[in-house]
Each structure stands twice: as C-alpha cells, then as structure tokens.
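The stops below are meant to be selected one after another.

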Amino acid sequence: MLRVNDIDLTDWEFWRRPHDYRHEAFKALRWHPELVRFEEPDIVIVPPGPGYYALTRHADVVEASRRPEDFCSGKGATSIWDMPGDLHEYFGSMISMDDPRHAKIRRIVSRAFSPRMIQRFEDQVEAVAAQIVENVRAGGGSGDFVADIAARLPLKIICDMMGIAEEHYRTVFDATNVILAGNDAEYLPSDDPEQVAMALLGAGETLKNLVEEFGRQRRKDPTDDLTSALVNANIDGESLTDQELGSFFILLVVAGNETTRNAIAHGLDLFTRDPGQRALLTEDFDARIPGAVEEIVRYVSPVIWMRRTATRDTILNGHEIKEGDKLLLYYWSANRDETVFTEPEKFDILRDPNPHVGFGGPGPHFCLGAHLARREITVLFRELLHRTPGIRASGEPERLESSFINGIKRLPYTF
C-alpha cells in the first residue's frame with residue numbers, strides 16, 4: 001500500500017498515473033485514521049485558498065451528502081477554489097445552490113418534467129438508439145465508439161428535449177468538452193490561467209446565449225418541449241429568470257451529455273475486457289441489465305468528486321470539522337470502499353446490494369437525471385448487443401486528463 005505522505009491529489013501528475021495506481025492511493029487514504037488535507041491548486045486568477053479535506057470513505061461521503069445544513073453547496077460544488085463572483089452558479093446551477101434557491105429551481109424543473117414529457121422522451125430514446133445502431137451496421141464495421149455511438153444518444157436526446165435543432169448539436173458538443181476539459185490540452189491548449197478562464201467563460205456564454213434565444217422564442221410561441229415548459233412555468237408565483245434558465249441548460253447538457261456518454265464508453269470497454277460478464281448479461285439481458293447499469297456507474301464513477309463547504313463547526317463520523325473547511329466528496333473512492341463492497345475491484349453485474357454513490361449521495365443534490373441516464377444506457381446496450389453482437393473495443397481508450405470527470409475521449413471499436 002502507498003504511503004499517505006506520498007499522495008498529492010492536487011498534483012496533475014497524480015491524475016496522469018494509471019488507474020490501478022490511483023485506486024491504491026485512494027485505498028491508502030480510506031484506511032488512514034484521519035482525514036487528509038491537501039493544498040489547493042494555484043490558478044493565479046484567484047487568491048490561494050485554505051486547502052481541502054478528501055472524503056474517501058463511503059460512510060463519510062454519504063453522511064456529508066445527507067447533511068446539507070452542515071455541508072453546503074452554495075460556496076461552489078464543482079471547483080476546489082472559490083470562483084469569483086457568481087461563476088460557481090453560472091457553471092453549476094442547482095449543483096452550486098442551497099435552499100431555498102435550490103428548492104425553488106428544483107421545484108420548477110421537476111414540474112416541467114411532466115409524466116407525459118418523460119414518457120415521450122423515454123420512447124424517443126429507443127428510436128434514437130435504434131437509428132444510431134443502424135447507422136453503425138451500415139458503416140464499415142469499425143470506428144471511434146465515442147463519436148459514432150456513445151456521444152450521439154445523450155446529445156440528441158438532450159437537444160431534442162430542449163427543442164434545439166440539429167444544426168446546433170456540434171456547438172453544444174464542443175462547448176461541453178471545453179467546460180469539462182480538466183487539464184486536457186486538446187480542449188484547453190493554453191497554460192495561461194487567464195486564457196483558460198476566458199475559454200471556459202466563452203463556452204458557458206455560448207450555451208447560455210443559445211438557450212436564452214430559444215427561451216425568448218418559447219415565451220412568445222410556446223411549444224411542447226422542455227424549454228417552453230421551463231420558461232412558462234409559474235409555481236406559486238415563481239418562474240425561472242433568463243440567468244437561471246441559462247445556468248440550468250449548462251448543467252443539463254454538461255451533466256446529461258458527458259457523464260452518460262462516458263458511462264456508455266466505459267461499458268463497452270469493460271465488457272470487452274471481461275467477456276464472462278458480457279456473457280452473463282446476454283444470457284438474460286432484461287433481468288440483468290438493471291444490475292449491469294448500476295455496476296458500470298459504480299465501477300467507473302463518471303463524476304469523480306463534488307465539493308461541500310462546512311457552514312459551522314461540527315463533527316463528521318468522529319472527525320472534527322471547522323466552519324469554512326472545504327470537503328471533496330470522492331465518489332470514485334467511496335465506490336471502491338472495502339467495508340461496503342465485497343471485492344470492489346471486481347466488475348460484477350450481479351453485485352447485490354450495490355449502494356454506490358455514482359449519481360451522488362443521498363440528499364437534495366442526488367442526480368435529477370439518474371432515471372434518464374439509466375434508460376439511455378439500458379436501451380443503447382440492448383440495441384448494440386442484439387443487433388451488433390460482435391461489437392467490442394479494439395484498442396485502449398484515450399482518456400481525458402481530468403481530476404473531475406473519468407472521461408474517455410476516443411475508443412476504437414469493431415464488430
């Protein structure tokens with residue numbers, strides 16, 4: 001086991017290491033009796049912060065998640081440093097809010113997702129997945145799984161849900177890649193923090209302007225898409241402002257597109273590496289796909305962490321926490337906790353129970369789109385395994401260099 005003193009979660013070199021090394025490092029942190037504090041990254045554009053504690057044990061992640069009054073999101077949930085102004089809400093939307101504002105936005109959004117709308121888009125998932133696989137079958141029998149398949153389904157579903165035409169798909173796709181680029185030079189090629197900040201702001205502004213234009217149209221001429229439902233919703237006198245609509249759209253396309261596409265890409269890679277698990281799934285697909293989806297999400301943890309900030313002095317499972325302390329909830333580590341999961345390093349689609357936190361821990365910030373993500377993964381693998389039964393990864397995945405998203409940029413495949 002690695003020594004805790006040799007581990008630095010802030011150092012980008014750590015996140016360039018192989019996954020096996022990182023899992024061993026998090027294992028060492030889980031077994032360390034005290035919470036470990038790390039320095040914050042130096043990004044120049046904001047003053048250096050006080051550092052953060054890494055919550056690596058399942059019990060600690062769950063406990064912090066279910067106590068939003070003690071561990072808030074409103075100081076920023078998706079960045080270690082404190083973003084200037086309201087940028088944390090700009091990019092985080094509901095993720096970076098606390099009640100009562102969080103409850104207001106979630107109430108409006110939940111009402112907009114009516115049962116009729118949910119059913120319509122669940123049905124559309126099947127049609128879109130079938131068309132994607134048909135296009136693959138008509139192709140040359142090989143390609144990039146991310147571009148050809150994994151990225152297409154969630155992107156189209158989300159854009160169709162919001163009423164965004166196909167001509168804007170590429171704009172949305174490119175902007176989300178920049179926002180979740182991490183330290184990947186392919187999407188953020190500059191080492192200058194100010195240029196990086198401008199690129200991130202530009203990507204966010206692109207998405208915000210796009211949906212605000214659609215919002216103005218839908219206020220004048222309502223349709224049956226989600227944008228229309230959101231901008232025209234009025235619950236107890238509450239409605240979304242243009243800023244709130246723009247921030248929610250950034251959250252929707254980033255969270256709903258990137259995370260689902262990465263779960264799908266990782267899924268093919270896992271089933272290629274472990275043909276025994278693939279055989280188990282195909283033997284009784286309908287009975288085993290729910291467990292397979294949960295195990296994919298547990299095993300790969302598409303979102304590696306989220307941040308909370310202590311609102312007061314308190315105790316977390318015996319650990320003393322001071323007001324203002326930053327906590328990073330490492331889902332990636334909690335989902336490998338040996339005290340919760342038997343043989344956590346094993347990919348096992350029959351795992352039961354499987355109390356993973358891949359969609360976030362319990363509490364008000366559990367993933368609003370978890371149901372749709374499960375549906376998309378289920379339907380796409382049903383189509384792939386039934387209609388292209390020989391499909392498999394034909395090479396190593398090209399991974400995103402990020403401490404926040406466990407992403408796959410490209411994955412060669414054949415069938």
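The tour goes from a sheet to a helix beside it and then to a pair of helices.

This is a predicted model, in which local features need pLDDT of at least 70 and side-chain atom pairs count only at pLDDT 80 or more, while totals for chains, interfaces and linings use all residues. Residues are numbered from 1 along each chain as its sequence is written, and side-chain values use heavy atoms, with hydrogens and water left out.

**The sheet**

Select the 5 strands of the open, mixed sheet, ordered β1-β2-β8-β5-β3. Strands (E, at least two residues) and helices (H or I, at least four) are DSSP runs, numbered from the N terminus. Two strands pair if DSSP finds at least two bridges between them. β1 (36-38) and β3 (71-72) are the edges; each has a single partner strand, so one side of each lacks a neighbour in the sheet.

β1 runs antiparallel to β2 (residues 52-55), with 3 bridges between them; R37 is opposite Y53 of β2.

Move to β5 (residues 305-310).

Now show the partners of β5. With β8 there are 5 bridges, antiparallel, and R307 stands opposite L328. With β3 there are 2 bridges, also antiparallel, and C72 has T309 as its bridge partner.

**Helix α3 and D60**

Select α3 (residues 58-65), where D60 is found. What does D60 touch, leaving out residues up to four places away in sequence? Its contacts (heavy atoms within 4.5 Å) are L35, L55, L316, N317 and H319. The side chains of D60 and N317 are joined by a polar contact of 2.8 Å, the term being used for N or O pairs within 3.5 Å, one able to donate a hydrogen and the other to accept it. D60 counts as buried, because its relative accessibility is 3%.

**Helices α9 and α10**

Finish with α9 (residues 169-179) and α10 (residues 193-220). Their axes are 9 Å apart, at an angle of about 145°, taken between N-to-C directions on a scale from 0 to 180 degrees, with axes fitted to C-alpha atoms over the stretch in contact. Show the residues that meet, including V172, A175 and I179 of α9 and A203, L207 and L210 of α10.

Definitions and conventions. Buried < 20%, exposed > 50% of the residue type's maximum accessible area, 1.4 Å probe, protein only.
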